[in-house]
Amino acid sequence: MSVVLRVPAADWRAHQRRVLAATPGLVPVAKGNGYGFGLARLATEAAALGVDTLAVGTPSEVDAVRDVFDGQVVVLQPWRPGEPGAEELLSDERVVHTVSRVSDLAHLAASGLRPRVLLELLTSMKRHGMRVDELPAVRKVLAEDGVDVVGWTIHLPMPAATGGNAAEAERLAKAGLAVRTGRVWFSHLTGADHDRLRATLYTETRVRVGTELWLGGSVRRRTSATVLDVHPVKRGEKVGYWQRSMPGDGHVVVVSGGTAHGIALEAPTSAATGRQRLISAVNGSVEALGWARSPFTIAGKKRWFVEPPHMQASMVYVPGSKGIPAVGDEVPVELRLTTATVDSVVLED
Ligand SMILES: *Cc1c(COP(=O)(O)O)cnc(C)c1O
């Protein structure tokens with residue numbers, strides 16, 4: 001009675017191994033909602049892949065993976081004083097902290113715990129990182145030897161947006177390596193750019209990959225919801241919290257899956273404006289009423305929400321009486337796996 005993600009295990013793992021083979025120094029990323037699979041599941045997959053490092057997003061996510069994955073765990077979100085759980089993790093030798101400000105580096109160096117750190121350089125992403133002009137100050141702090149430097153980290157924009165990141169990556173990596181030698185960690189580098197950099201930087205590199213590893217390839221991931229109830233309705237009958245008038249004789253199908261699963265009311269389709277709206281109005285279709293299309297497919301079609309999704313269930317309208325599902329049936333639901341929370345993940349043979 002829930003929202004289920006089904007994945008053919010062999011295909012998924014074959015894809016993961018292809019990414020691993022094509023990405024020397026691969027560091028799998030498991031953060032947030034675990035790309036739909038959950039953090040513990042991804043940590044298990046990473047352990048089976050045999051990689052030595054896993055990246056998580058925040059300090060609090062370390063707990064979700066540490067019992068399943070026994071290698072080193074990198075926290076991608078820059079370390080900040082006062083962040084819940086951040087200070088406690090400093091004495092954990094398995095955890096590597098990302099540092100993006102000189103003041104934080106100084107704080108860590110003075111902690112007496114000699115934490116393991118990755119030094120983040122600011123890229124054209126402009127998210128986090130220290131600027132090249134701050135490197136003299138970084139050098140000064142490093143001279144105190146209060147941190148264990150694992151390497152430099154460079155988080156690049158999408159290659160498709162820049163036409164390639166090799167030049168920026170090389171410039172920043174060289175600037176960092178001139179201050180302190182170590183590994184260089186990248187995100188969002190094409191395979192070709194990575195090969196070129198490995199040849200020119202003369203140091204070991206690591207590449208963090210999330211989306212392509214877990215959600216890429218031609219793996220058939222299916223998400224489905226369960227039909228919880230079905231009610232016949234008459235044209236004009238008022239239904240739901242908002243007592244919306246039904247556009248015709250048909251059925252209200254109540255399905256599992258609501259806001260808690262990441263199912264949102266998308267803006268009414270563009271058909272709800274302009275000329276098409278007029279045509280729809282003439283045809284008497286629900287689009288004219290500004291109804292929003294749901295992600296649930298019933299009898300071969302995406303159906304309209306009766307009203308905004310509830311916390312764990314949604315109400316959709318199906319006209320007529322053909323193809324009406326029964327209680328307990330599973331229906332496909334389209335979910336974006338980076339924003340969805342499913343109730344269970346089933347790895348199929
Ligand atoms: C999330 C994240 C990644 C992984 O990004 P994908 O696009 O999912 O591969 C890599 N590096 C950093 C710093 C991130 O925050």
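User: Where is the place of Arg303?
Analyst: Arg303 sits in strand 15, residues 301-305; strands are DSSP runs of E with at least two residues and helices runs of H or I with at least four, numbered from the N terminus. This is a predicted model, in which local features need pLDDT of at least 70, side-chain atom pairs count only at pLDDT 80 or more, and totals for chains, interfaces and linings use all residues. Residues are numbered from 1 along each chain as its sequence is written, and side-chain values use heavy atoms, with hydrogens and water left out.

User: Is Arg303 buried or exposed?
Analyst: Arg303 is buried, with a relative accessible area of 10%. Buried means under 20% relative accessible area, exposed over 50%, and partly exposed in between (1.4 Å probe, protein chains only).

User: Which backbone oxygen does its side chain reach?
Analyst: The side chain of Arg303 reaches the backbone oxygen of Ile298 at 2.8 Å.

User: Turning to helix 1, which of its residues are buried?
Analyst: The buried residues of helix 1 are Ala9, Trp12, His15, Gln16 and Val19. They cover an arc of only 135° around the axis, so they lie on the same side of helix 1; the arc is that of the directions from the helix axis to the C-beta atoms.

User: And which are exposed on the other side?
Analyst: Ala10, Arg18, Ala21 and Ala22 are exposed there.

User: What covers the buried residues of helix 1?
Analyst: The cover includes strand 1 (4-8), strand 2 (26-28), helix 2 (39-49), helix 10 (211-215) and strand 18 (344-348), where contact means heavy atoms within 4.5 Å.

User: Why is strand 1 described as largely enclosed?
Analyst: Five of the five residues of strand 1 are buried, so the rest of the structure largely encloses this strand. Val4, Arg6 and Pro8 point one way, while Leu5 and Val7 point the other way.

User: In which sense does strand 1 pair with strand 18?
Analyst: Strand 1 and strand 18 pair in the parallel sense over five bridges; two strands pair if DSSP finds at least two bridges between them. Val7 has Leu347 as its bridge partner in strand 18. Strand 1 is also joined by three bridges to strand 10 (residues 222-233), and these two run antiparallel.

User: Now the ligand: how is Tyr35 placed?
Analyst: An N or O atom in the side chain of Tyr35 is 2.6 Å from an oxygen atom of the ligand. For Arg127, a polar side-chain atom lies 3.0 Å from a ligand oxygen atom. Gly210 has a backbone N or O atom 2.8 Å from an oxygen atom of the ligand.

Key: A polar contact is a pair of N or O atoms within 3.5 Å; within protein, one must be able to donate a hydrogen and the other to accept it, and residues adjacent in sequence count only if both atoms are side-chain atoms.
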